[in-house]
Structure formats: C-alpha cells, structure tokens
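Q: I have a model on the screen. Show me how to read it, feature by feature.

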Amino acid sequence: MDGGCRADPAQDAMSICFEVSPCRSRHSIAGDDARRVQMTRRATAARLNDWGLTALVDDAVLMVSELVTNAIQHSATDEITLVVSVREDSLHIRVSDGTPVRAQLRRADDDAESGRGLWLVEALVVERGGSWGTSDTGEETWCCLPVAAEQPW
C-alpha cells in the first residue's frame, strides 16, 4: 500500500504503510521518499491535533521525521510502517522497516550534514520524560512521550 492511512478513533491509533526506494546514499534520499517523509509529518500533526494533543505536535513531528528518514537511509527495505498511538497515558511512535539493523546513536563530525537525527530524538524524549529504543530484532525503532493529564480524550 502506498501512502495508505487508517485510523480507528476508538483505539486512538494511526498507521501508515508506504513503499520506498532502497537507499543508495546515507546522506540523501530520493525525491519521492522525501515527499513520503513530508506526508508522515503532516499526517502525524493532523492526527495529534484531532486528538487534542497540540502541545506534542512539534516534538512528535520532528521525531517522526527523524525516525522515518533514518529507516529510509539505513535499511535496504522497500516498505516502511509508521504507527502513532495513544495508550496508557503515553504517545507511542513506532517506525518499522523490516530489516534487522538496529538504530544507534553515533557521533557526527562537526561539518557533517547528517547523523544527528537520533540525538534529536533522544534529547526531545529526555526533555519530555519519555523513552526510546529499538526492538530486539532491530526491525522497529520506537519512542514514547507522556501525555499531560489535562489533555482531553
């Protein structure tokens, strides 16, 4: 499915599965894939606004952008799935690429044009009191952010 989106308001979840081109360069992604990253950002912002989680939109959109871009750049996959959900008073963001390559924090050179995405994710998660990691198989990278108690559901 290319760009498909389904959501079940009763479950407070959104899932987007889309095809990507296997990445040939770890420093750039194909134009169609860049547009898919933009689509995931827009869909995430819209869903969080629908859920009344406007205070999380900026940080969540940045995290989605970095995790999806990371999956495109560092896996040899042709399909990525983004799932955004709310459960147990937390916003959960999961990006699956189906390849056993674990996302890892790495130091980027001062003049490097990429390599800081997971550092941004970690900084935002720490600032908000959340957590992030990868699945045991390495096929999924996830993060969780607490949802403020005053948020309407």
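A: Start with the parts list. The chain has three helices and six strands. Helices (H or I, at least four residues) and strands (E, at least two) are DSSP runs, numbered from the N terminus. The model is predicted: local features need pLDDT of at least 70, side-chain atom pairs count only at pLDDT 80 or more, and totals for chains, interfaces and linings use all residues. Residues are numbered from 1 along each chain as its sequence is written, and side-chain values use heavy atoms, with hydrogens and water left out.

Q: What pattern does the chain follow along the sequence?
A: The order reads β-β-α-α-β-β-α-β-β.

Q: What percentage of the chain is buried?
A: Buried means under 20% relative accessible area, exposed over 50%, partly exposed in between (1.4 Å probe, protein chains only). Here, buried residues make up 45% of the 153 residues.

Q: How do I read the span of helix 3?
A: Expected span is 1.5 Å times one less than the number of residues. Helix 3 covers residues 117-128, 12 residues in total. From first C-alpha to last it reaches 17 Å, close to the expected 16 Å.

Q: Which residues of helix 3 are buried, and why do they line one face?
A: An α-helix has 3.6 residues a turn, so residues three or four places apart point the same way. In helix 3 the buried residues are Gly117, Leu118, Val121, Leu124 and Val125. Seen down the axis, they fall within an arc of 125°, so they line one face of the helix. That arc is taken over the directions from the helix axis to the C-beta atoms. On the other side of helix 3, Val126 and Glu127 are exposed.

Q: What covers the buried residues of helix 3?
A: Look for contacts, meaning heavy atoms within 4.5 Å. The cover includes helix 2 (57-74), strand 5 (131-134) and strand 6 (140-146).

Q: What comes just after helix 3?
A: Check the backbone there. Gly129 takes a positive phi of about 75°.

Q: Where is Trp132, and is its side chain buried or exposed?
A: Trp132 sits in strand 5. At 18% relative accessibility, Trp132 counts as buried. Its side chain makes a polar contact with that of Glu122, at 3.3 Å. A polar contact is a pair of N or O atoms within 3.5 Å; within protein, one must be able to donate a hydrogen and the other to accept it, and residues adjacent in sequence count only if both atoms are side-chain atoms.

Q: How many disulfides are there?
A: A disulfide is a pair of cysteine sulfur atoms within 2.5 Å. The count is zero. For Cys144, the closest cysteine sulfur is in Cys143, 6.9 Å away, too far for a bond.
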